Amino acid sequence: MTKNELFPKMSEAIVAGDRAAATALAEDAVRGDLDLLEVIEQGYVPGIQKVGDLWEQGEYFLPELISSAEAMKAAMARLDPELKRRSLSSHMGGRVVIGTVEGDIHDIGKNLVASMLQAGGFEVHDLGADVKLERFIEKAEEVGAGMICLSALLTTTMTNQRRLLGLLKDRGLRDKYKVLVGGAPASRKWAEEIGADGYAENAVAAVKLAKSLAGRT
Amino acid sequence: MIEAKRPRLELLSQAFIERIVDEALTLLERHGVMVENAEAVKLLGEAGAAVDRDGQRVRLGRKLVETSLASTPPAAALYDRSGAKSFAVGGDEVHFDPGSAAVTMLDHDTQSERKAATPDLVAFYKVVETLENFHFQSTGLIASDVPAAVSDAYRLYLGLRLSEKPFVTGTFRVEGFRPMRDMLAAVRGGEDKLRRKPLAIFDACPSPPLKWSNLTTQSLIDSARAGLPSELISMGMTGATSPVTIAGTLVQHVAENLSGLVICQLAKAGAPVIFGGSPSSFDMRKGTTPMGAIGTMMIDAAYAQIGKFLKLPTHAYMGLSDAKINDPQAGYETALGTVLGALAGVNVISGPGMLDFESCQSLEKLVIDDGICAMVYRLLAGIAQRDDPIALDTFEGFTAGMSFLSHPHTRKWYRKEHIGGGLADRDPFDAWVAAGRTSIVDKAHTDVARRLEKYAAPPLAEDVRKELVQIMAAYARSSGFPDLPLPTDL
């Protein structure tokens with residue numbers, strides 16, 4: 001298949017949330033020795049963008065969103081090792097450390113944001129749920145992340161988002177990271193109040209915000 | 001005389017119930033459940049369940065489940081603090097209690113949620129104590145001014161000091177059970193007496209899909225051995241943590257609850273178990289767990305019907321709302337839930353008073369909902385033939401323009417046939433305007449103040465009071481909080 005035939009199919013596979021098709025097309029691209037960065041940018045990314053649009057239009061719901069993000073992940077899993085071999089990276093967005101703050105075991109929303117960020121071209125380090133605040137900083141330092149995303153589903157645990165910002169300040173690391181907050185009790189006002197760099201109300205908005213903070217809009 | 005027919009809601013056909021139960025049994029047999037508690041795994045293994053090499057996945061054969069079902073009593077009995085008043089949890093009995101373990105309180109003056117503290121919990125218990133349609137209390141708020149490690153027992157401590165009603169409660173830590181049981185036993189005058197007259201139900205929630213955590217499993221074992229009913233709170237979220245179809249979620253729900261029931265029976269055959277839950281029709285846009293969704297209520301009514309088929313007492317989280325304030329949504333979701341739950345014959349309905357996905361309590365909502373529960377009880381009482389003939393006699397001497405107001409028949413029956421409006425507005429428009437256009441929320445707020453004023457602590461023997469203080473203080477000490485202040489002037 002030529003690029004012109006492949007790319008729309010890749011986009012369609014993502015929009016349909018078809019993991020098998022997305023992977024098979026990635027396989028075709030690798031075998032056909034195509035420019036893989038071009039494959040991602042012109043084949044897969046338009047698909048995930050379309051998914052974001054459909055979400056915003058109220059056409060797509062969580063099952064579609066997650067399936068598409070997983071299809072994207074599956075395609076990338078095939079492409080990433082090849083890119084690495086060629087000393088290239090698909091992560092044009094940079095590295096993100098994400099997790100649900102300590103004391104809070106809710107992770108559905110966080111997982112979704114992590115998947116969508118990954119689908120959006122970020123290298124995502126997901127620490128899971130009930131993550132000690134120290135761990136966010138450790139991991140961010142370790143992998144050289146540019147962004148830390150904190151999820152909290154409880155009003156009782158969202159104060160840990162504020163505490164993390166305090167910890168960063170204490171260590172003189174505050175300016176090194178963009179800190180994004182999310183979760184049911186969080187709000188734009190809350191983000192401003194605690195001095196975070198941003199708040200997003202859902203996964204699609206989170207990717208937009210992260211891209212704009214990373215200078216990729 | 002023709003007796004009143006018990007109005008009833010049945011969503012499932014007999015064949016469908018049997019099919020769901022059959023699949024649940026196959027699920028337990030084929031896939032099993034994860035049990036993160038060594039003692040329970042050992043009990044299950046000894047009873048013939050197949051334990052995986054990792055020592056956590058347990059497959060339960062049909063026979064084991066059936067034997068366990070056979071040893072579970074069809075009804076549980078609860079007694080109030082005095083031991084004089086009993087409540088049957090089974091059959092078609094319906095008891096309301098406020099939902100458990102909210103973390104915030106809706107502040108009437110600011111109309112916003114704030115973290116709950118001890119004074120809120122005290123006010124909450126006092127108000128519930130005065131509400132006649134709430135048969136049970138629940139340890140319904142977590143006081144943020146108390147260390148989390150002891151907050152499970154602390155809630156019960158305050159409740160036992162302030163209330164005569166039976167409790168729906170639960171543990172937050174494995175260590176929490178003993179002091180909680182000890183306090184209940186102190187009130188009863190010993191563990192044996194507590195076993196004979198249980199004062200509290202312990203909630204235990206499996207983690208969907210198909211997992212029992214160490215904490216909740218231990219609660220099942222401990223409660224069974226203490227003779228206290230375990231309320232199994234399976235809570236699949238359709239399409240997220242359980243199959244998206246309602247029937248699919250029911251299969252998982254039944255499997256989770258039955259595996260919990262087996263653990264209870266293996267810990268102590270004959271232990272009371274309540275077939276309950278808090279599932280939800282997962283919101284595919286917001287990723288939240290709406291308790292006020294019609295789908296949620298349909299799952300509840302359906303598993304309650306299955307619980308009845310299995311001859312078990314039932315429970316559900318119904319009659320609560322996802323609204324953040326006492327607005328029309330709060331009212332309609334609560335009314336729908338209480339009515340459907342009661343018609344489905346759910347024995348313990350937890351939720352009235354609650355807002356915001358089980359996370360917030362409102363004193364005003366408690367009193368508004370008490371009025372809803374009053375309507376529900378009236379509905380359940382049905383329509384009975386009071387006289388024979390039904391009405392012919394009352395038309396004796398019929399004239400044009402006659403009124404029944406002064407008829408002896410009216411005086412005789414109106415209080416039995418009809419209930420008052422409570423806080424609902426039934427004024428003519430002008431009277432409503434003249435009275436200041438007050439909303440039900442404002443009226444409820446006034447009513448809360450009146451009830452708090454009226455509240456008188458039910459008498460508690462001095463030695464029991466002292467024992468409660470001792471048990472709570474010792475638990476706080478052993479948990480590393482020797483200086484935990486225990487409010488004494490309750």
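Analyst: What follows begins with chain B as a whole, goes on to its sheets and some of its residues, and ends with chain A.

This is a predicted model, in which local features need pLDDT of at least 70 and side-chain atom pairs count only at pLDDT 80 or more, while totals for chains, interfaces and linings use all residues. Residues are numbered from 1 along each chain as its sequence is written, and chains are lettered from A and ligands numbered from 1 in the order in which they are written.

The secondary structure of chain B amounts to 16 helices and 18 strands, where helices (H or I, at least four residues) and strands (E, at least two) are DSSP runs numbered from the N terminus. Along the principal axes, the C-alpha atoms of chain B fill a box of roughly 85 × 60 × 50 Å. Of the 490 residues in chain B, 50% are buried, a word used if 20 or more other C-beta atoms lie within 10 Å of a residue's own, with exposed meaning 12 or fewer and partly exposed the range in between, and with the C-beta atoms placed from the backbone. Among contacts in chain B between residues at least 6 apart in sequence, 74% join residues at least 24 apart, a contact being two residues whose C-beta atoms, placed from the backbone, lie within 7 Å.

Strands of a sheet pair through backbone hydrogen bonds, either parallel or antiparallel, and here two strands are said to pair if DSSP finds at least two bridges between them. One open sheet has four strands in the order β2-β3-β1-β12 of chain B, with mixed pairing. Its edges are β2 (50-51) and β12 (211-212) of chain B, and because each has a single partner strand, one side of each is left without a neighbour in the sheet. Within this sheet, β1 (residues 33-35) and β3 (residues 57-59) of chain B pair in the antiparallel sense over two bridges, and V33(B) has V58(B) in β3(B) as its bridge partner.

Another open sheet of chain B has three strands in the order β6-β16-β15, and its pairing is parallel. The edge strands β6 (95-97) and β15 (315-317) of chain B each pair on one side only. Neighbouring strands of this sheet are turned by 20 degrees against each other on average, direction ignored, with axes being lines fitted to C-alpha atoms, for helices over the stretch in contact, and angles running from 0 to 180 degrees between N-to-C directions. Three bridges join β6(B) in the parallel sense to β16 (residues 348-350) of chain B, where F96(B) has I349(B) as its bridge partner.

Some details of the backbone also deserve attention. Most residues other than glycine have a negative phi, and most peptide bonds are trans. The peptide bond from P208(B) to P209(B), however, is cis, with omega near -5 degrees, and P209(B) lies in the loop between β11 (200-204) and β12 of chain B. A cis bond also runs from D388(B) to P389(B), with omega near -5 degrees, and P389(B) is placed in the loop between α12 (363-381) and α13 of chain B. E358(B) is not a glycine, yet its phi is positive, at about 65 degrees; this residue sits in the loop between β17 (354-355) and β18 (360-361) of chain B. E358(B) counts as buried because 23 other C-beta atoms lie within 10 Å. H418(B), in the loop between α13 (408-417) and α14 (429-434) of chain B, counts as exposed because it has 9 C-beta neighbours inside 10 Å.

Finally, chain B meets chain A through ten residues of chain B in contact with nine residues of chain A. On the chain B side these are three nonpolar, four polar and three charged, where Ala, Val, Leu, Ile, Met, Phe, Trp, Tyr, Cys and Pro count as nonpolar, Asp, Glu, Lys and Arg as charged, and the others, Gly among them, as polar.
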